[in-house]
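Have a look at the whole thing before we start on the details.

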Amino acid sequence: MASVVPVKEKKLMDGKLGELPSWILMRDFTPKGIAGAFQRGYYRYYNKYVNVKKGGVAGISMVLAAFMFFNYCCCYKELKHKGLRKYH
């Protein structure tokens, strides 16, 4: 017989779609909770891609690609107008 796990202790991908609203409401949205979530994400990324025995450029290149994409999204309004100009 399977043991029942409370919704709060389940991971996002382990829950069902009907449990999603209650799962979101049980998250910690205080500044301390949000900072803790960013810290867990940073350490998870660092240990998976940067702090490895045989590391490569994958970890740094993903950060640079995300930065370039974010910068492109921020500057899209100015870049859109530059692409429509004709110089002839």
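Which residues form one aromatic cluster? Tyr-42, Tyr-43 and Tyr-46 do. Before we go on, some ground rules: this is a predicted model, where local features need pLDDT of at least 70 and side-chain atom pairs count only at pLDDT 80 or more, while totals for chains, interfaces and linings use all residues. Residues are numbered from 1 along each chain as its sequence is written, and side-chain values use heavy atoms, with hydrogens and water left out.

Back to those tyrosines. Rings of Phe, Tyr and Trp (its six-membered ring) pair if their centres lie within 6.5 Å; planes under 30 degrees apart count as stacked, over 60 as edge-to-face and the rest as tilted. By this rule there are four aromatic pairs. One of them joins Tyr-42 and Tyr-43 edge-to-face, at 5.4 Å centre to centre and with 65° between the planes. Tyr-42 also pairs with Tyr-46, this time stacked, with 6.0 Å between the centres and 25° between the planes. Tyr-42 and Tyr-46 are about one turn of the helix from each other, because they sit four residues apart in helix α2 (residues 31–50).

How covered are these rings? Call a residue buried under 20% relative accessible area, exposed over 50% and partly exposed in between (1.4 Å probe, protein chains only). Tyr-42 is partly exposed at 49%, and so are Tyr-43 at 43% and Tyr-46 at 33%.

Now zoom out. The chain has four helices and zero strands, where helices (H or I, at least four residues) and strands (E, at least two) are DSSP runs numbered from the N terminus. Along the sequence that reads α-α-α-α. Of the 88 residues in the chain, 5% are buried.

UniProt, in an unreviewed entry, places a "transmembrane region" at residues 56–76; such annotations may be inferred rather than shown by experiment. In the model, residues 56–76 are 86% helix and 0% strand, with the end C-alpha atoms 31 Å apart.

Further back, Glu-19 lies in the segment before α1 (20–25). Glu-19 is partly exposed, at 22% relative accessibility.

Finally, the pocket. On a 1 Å grid over the protein atoms alone, a pocket is an open set of points where a 1.4 Å probe fits, with protein on both sides within 12 Å along at least five of seven lines; lining residues have an atom within 4 Å of a point. The largest pocket has a volume of about 550 Å³, a volume being the space filled by probe spheres set on the points. Its lining includes Lys-8, Lys-11, Asp-28, Phe-29 and Arg-44.
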